[in-house]
Amino acid sequence: MLQPIKGAVNRKFRPSSYRKNDSLAKETIIDYLEKNGHTILESEENYSFDIKSEKNGNIYYSEVEMKNQWKGDWNPTWKEIRIPYRKHKLINKFEEIQNENTFFNFYVIRGDCKQAWRIKDTLLASSEVKEAQGWRIEPGEHFFHIPYEDAILVELDNEHRAAS
């Protein structure tokens, strides 16, 4: 089980950002999953996994996040994808329910919803955790730092949903 980091801080909840991004991110990945043979079982907000789906007798849990700064092709100078460490709670929750027929993926979605990085729970859990710096990052906030070459880039057909 991953443990909280002593002294770490979390970004404050921003209701306007949540309203702008949460539904778009969920709709985008639900569309992707359905086009790839998944049946959506749950997607209502319950402060747990964003989406639960089923395909071929397997259960998939998905967590989604918009990365609005990502425009066009991935910038190769961004050597890593950063996921807030507070998401470690979902990894721990998944470990409690995991069996051979369950899977957990984290999706980081491009601002125009045309691509996303899919990051498997095992990759996320084994990634380096450290502070990050940036204008939107709270001092002391920790992130998983996932080398982008280790993630899976998926193509999305969602330009009609992209925020203009």
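User: Which residues form one aromatic cluster?
Analyst: Trp70, Trp74, Trp78, Trp117 and Tyr148 form one. This is a predicted model, where local features need pLDDT of at least 70 and side-chain atom pairs pLDDT 80 or more, while totals for chains, interfaces and linings use all residues. Residues are numbered from 1 along each chain as its sequence is written, and side-chain values use heavy atoms, without hydrogens or water.

User: How many aromatic pairs does the structure hold?
Analyst: The structure holds 13. Rings of Phe, Tyr and Trp (its six-membered ring) pair if their centres lie within 6.5 Å; planes under 30 degrees apart are stacked, over 60 edge-to-face, and the rest tilted.

User: Why is the pair of Tyr60 and Phe103 called stacked?
Analyst: The centres are 5.2 Å apart, within the 6.5 Å limit. The planes stand at 25°, which is under 30 degrees. So the pair is stacked.

User: What makes this a link between distant parts of the chain?
Analyst: Tyr60 is in strand 3 (residues 58–67) and Phe103 in strand 5 (residues 102–110), 43 residues apart. Helices (H or I, at least four residues) and strands (E, at least two) are DSSP runs, numbered from the N terminus. Tyr60 also stands opposite Phe103 in strand 5.

User: Why is the pair of Phe94 and Phe104 called tilted?
Analyst: The centres are 5.7 Å apart, and the planes stand at 40°. Phe94 lies in helix 2 (residues 88–97) and Phe104 in strand 5, so the pair ties together parts 10 residues apart in sequence. Phe94 is buried at 1% relative accessibility. Phe104 is buried at 3%.

User: What covers the buried residues of helix 2?
Analyst: The cover includes strand 3, strand 5, helix 3 (121–126) and strand 8 (142–147). In helix 2, His88, Leu90, Ile91, Asn92 and Phe94 are buried.

User: What is the strand order in the open sheet of six strands?
Analyst: The order is 1-2-3-5-6-9, with mixed pairing. Two strands pair if DSSP finds at least two bridges between them. Strand 1 (39–42) and strand 9 (152–155) are the edge strands, as each pairs on one side only. On average, neighbouring strands of this sheet are turned by 35° against each other, direction ignored. Helix 2 packs on this sheet, touching strand 3 and strand 5, and its direction makes about 155° with that of strand 5. Axes are lines fitted to C-alpha atoms (for helices over the stretch in contact), with angles from 0 to 180 degrees between N-to-C directions.

User: Why is strand 3 called largely enclosed?
Analyst: Seven of its 10 residues are buried, so strand 3 is largely enclosed by the rest of the structure.

User: Why is one side of strand 4 and of strand 7 left without a neighbour?
Analyst: Their open sheet of three strands has the order 4-8-7, with antiparallel pairing. Strand 4 (80–84) and strand 7 (128–131) stand at the edges with a single partner strand each, so one side of each has no neighbour in the sheet.

User: What makes a polar contact with the side chain of Ser48?
Analyst: The side chain of Lys93 does, at 2.7 Å. A polar contact is a pair of N or O atoms within 3.5 Å; within protein, one must be able to donate a hydrogen and the other to accept it, and residues adjacent in sequence count only if both atoms are side-chain atoms. Ser48 sits in the loop between strand 1 and strand 2 (51–55). At 9% relative accessibility, Ser48 counts as buried.

User: How far is Lys67 from the ring centre of Trp78?
Analyst: Lys67 lies over the face of Trp78, at 5.0 Å from the ring centre. The rule asks for NZ of Lys or CZ of Arg within 6 Å of the ring centre and within 35 degrees of the ring normal.

Technical notes: Buried means under 20% relative accessible area, exposed over 50%, partly exposed in between (1.4 Å probe, protein chains only). Contact means heavy atoms within 4.5 Å.
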